[in-house]
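Student: I have a structure to go through and have not seen it before. Can we take it step by step?

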Amino acid sequence: MAFLELDDLTKLFGKLAAVEDVSFKVEQGEVLGIVGPNGSGKTTLINLISGYYKPTRGTISFMGKKISGLRPDEIAKLGVVRTFQSNVLYEKTTLVQSMLMSSRLQYKTSDIESFMETKKYKDEHEGVVGNALQTLQLLDLFNETFRPASVLSHGYQRMLGIALALAANPKVLLLDEPTTGMNYEEAQFVVENIKRINEQGITVLLIEHNMKVLLNVATRVVVLSFGNKIADGNPHEMMNKPEVIEAYLGTETV
Amino acid sequence: MNVWLNRFRTFDWRNTWPKVVAAVPVIIFLLIPVFTQGEIVLNMLILSGIWAVAAMGFTLILRTGQFSLGQAAFMAIGGYTSAIISVVLGWPWWFAFLLSGIVSGIVAMLIGSVVLRVGGIYFSIITLSLTEVIRIIAQQWEPVTHGSRGLITTPPPNIDLGPLHINFMANSVPFYYLTLILVAVTGLVFWQIGKTRMGGTFYAMLANQTLAEHEGIHLMKYRVIAFTLAGVFAGFAGAIYANYLTVISPLIFGLWQSIQIMMMSIVGGMSSLVAGPIIGSTLLYVLGIQLARLPIYGIAQLLYGAVVVLVLIFLPKGTGLIDLWPRIWRKIYREVEEYEIPGETRQED
Amino acid sequence: MPPAGIWIDGLVQSSTYITMAFGMVLVFSILGILNWTHGQYYMLGAVIVYYGVTAAGVPFPISMLVTGLIIAGLGMLVKKVIIDRVSGDLYVGAVTLALIFFFEGLASMLFGMQDKGLANVMPGSMDFGSFSVSYQKIAVVGFTLVVMIAMYIVLNRTKVGLSIRAAAQEPRAASLYGVRVDRVSLIVMGIGCALAAWAGCIMGPVYSINPFIGRIPMIFSLLAIVIGGLGSLSGAIIGGLILGFLNSVMAYYISYYSEVVLFALVIILLLVRPQGLFGAALK
């Protein structure tokens, strides 16, 4: 039984297949990169796994449980949490509040207990606040803790997106192009953090446009082109496969 | 690390001062009947309180990202439930009063769990339709509701507590305290919701629905909770309203009342679940009453509309009157508050 | 089978709702807001045309035209002075709702609380054998046909219409191609308010006039555009027709409960198909 398994996944928009018969398995603890040129269906794939879209055909199962067709919040509750390609954040709230708002899944106490402010809830809450601050510290956002998200720079906003996803206690983290619009150092910093997150035992599914980033961090790579999976394997080998080069650069230049 | 953590402890002197200040108006309101038993003042306060409860419910629903024009409908359901049970069926008054909130809450839960999955403007139109449906039914269901003539309610029974004789018919003081209790209970429940985790959940839904859903918040569940709570308290408010006026007719709970509730909530400020709606409804209700005394027909409505428009134009982008409070507070403290109340942050522009 | 008069009433009602709904749809598709004050422009139209005909003695068609222009100006003024200064859908909605009270108060001050009528503007009726139809009602239906044709021509054949459609579909792209979206939205607000005012003018002689006549047409035209699909003009026509006929025919059988049925139908429709019967998508 695979950890996260996609089986013949297809998503049609009208007649256009954004993702077509894609199957692969994600093992626990790995960093799986998904690459492909623009429009190859990478983001659609994440939208499908996270429940934002319902697949037209095929199934997704997580730890033996079918998750395709569930709502996004149910999928998040099982431990599959995503980030967004654009900066989707709680813009007006301060970072620490955003983190607490995203930390719902860390609580074990019920809403009634939180409403009554029982001792159990208060202790748990303090722990959650500690976790939130630790995550912020881990991602170099600690100095911004009490500023609203909207005043952060683009790079920090992307980091905050990852922090918010981490707050939801993921077992699998789906990162949708975490390094877009970043310069080399910032991208490097993200890569370091992905490694650190992975060391904590979180499986990472990384969508990336930038091959260099992937070579640094991914243990395995799946290549998509026009919604189809065309290759699957070790990232360094991938770079030399003719069909991958073709998908990336086009036939005539080869 | 501990310095940071301190800010989230429940007891914190920074948090305590505003509470002390908030206690002052509470004590003043408790003591008002000692100073004056004038019917005009009490009447104004009772009705402001009733609308405040409904407006608090509106704000709570708004926190989940839904714009409800159905608050008056739930007031009507509560009012009619209490009137029908105590007058037509002849059951005890207090039992009828208790049922008014429960029935209204159950109706809100049933309707909400079907209707709340539609969002945005469509939800407003559905709740608008709902208000009209309830009003027309109240008007046409002659045998039970007595149509537009209205149903005359039975007064609450006298209460004898040893030396204390409470007679609801003698003056407005008992109704004043009944309203005050309702406002206080509603306020405490909503305050507590706003303060604890559920408040954060609601605010997340308002701030970014997609993100909230992807972080494990079951949108429908919390929308139904908010809608039901608002329905329960609106039902109680409607029951008090109907019994205070001694007659309930379809005219007092229509779309226009829903719109007024909405304006009270927005003018008061939706960044606060309790104080904003209370301030908004008190000010707007008192304003409306004072304007209605003007001798020219129509000028009251004109000025009422003008005042609301002016408040919305001249308050800084999307804030209500309550949002002026932190600014004043900061001036007193001469210090920039670093942590913020949801919705209060202005971008540094 | 209800008598012919019921069907004609349905047609007259539909016509009003369609004219009103056109304005609301236009404003919604450009400004992205529901103009809740729409019914009050209808009412102001009726009030102004009443004074134009009775006090100033201007012939009905001319005072109707002038009224439309006045209300268009008023709508643009409201857009410029009030709506543009308020940001956020929620607050714009609240402002237009507050303006309802303002305009009704204004009309009450001018007009008083008595119902007044314009019944003598177009007296007489046309005889169809078993039943007759008053010229006023024919005028209402005819005017709506004219509005429908005019709207079609304006939106499809003129430059203004093209910019309006462009701004409705892709505001950003349109502004890149030189459409001044702020000016277009001002024009649209003017057209929308003028249409509401004209609907009020043409209905003035049919029903009585008082400061509160705007409320019900506003709600019903809102329902009409919801039935047809928010943001679609053809949807508004079909929604208006369905609503007008359904309302008058059902009222014949079950009197006031017909409105309950209507509202219930709208609620169910919105739950099943939020985009309306004919709306493919928003905008």
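Tutor: Chain B contains 15 helices and four strands. Keep in mind that this is a predicted model.

Student: What share of the residues of chain B count as buried?

Tutor: 54% of its 349 residues. The accessible surface of chain B is about 14,600 Å², and 71% of that belongs to carbon and sulfur atoms.

Student: OK, next topic. How many residues of chain B are in contact with chain A?

Tutor: 39 residues of chain B, which touch 45 residues of chain A.

Student: And how much area do the two chains bury between them?

Tutor: About 3,900 Å², with 61% of it on carbon and sulfur atoms.

Student: How many salt bridges are found across that interface?

Tutor: Three. In a salt bridge between Asp111(A) and Arg197(B), the side chains meet at 3.1 Å, N to O.

Student: Which helix of chain B gives the largest share of the side that touches chain A?

Tutor: α9(B), with seven residues. Helices α1, α8, α9, α10 and α11 of chain B each supply at least two residues there.

Student: Where is Ile254(C), and is it buried, partly exposed or exposed?

Tutor: Ile254(C) lies in helix α10 of chain C. Its relative accessible area is 36%, so Ile254(C) counts as partly exposed, the range between 20% and 50%.

Technical notes
Residues numbered from 1 in each chain as written. Chains lettered and ligands numbered in written order. Predicted model: local features only at pLDDT ≥ 70, side-chain atom pairs only at ≥ 80, totals over all residues. Heavy atoms only, no water. Buried < 20%, exposed > 50% of the residue type's maximum accessible area, 1.4 Å probe, protein only. Areas by Shrake-Rupley, 256 points an atom, 1.4 Å probe, with all protein chains shown as cover. Contact = heavy atoms within 4.5 Å. Buried area = accessible area lost by both parts, 1.4 Å probe. Salt bridge = Lys/Arg side-chain N within 4 Å of Asp/Glu carboxyl O.
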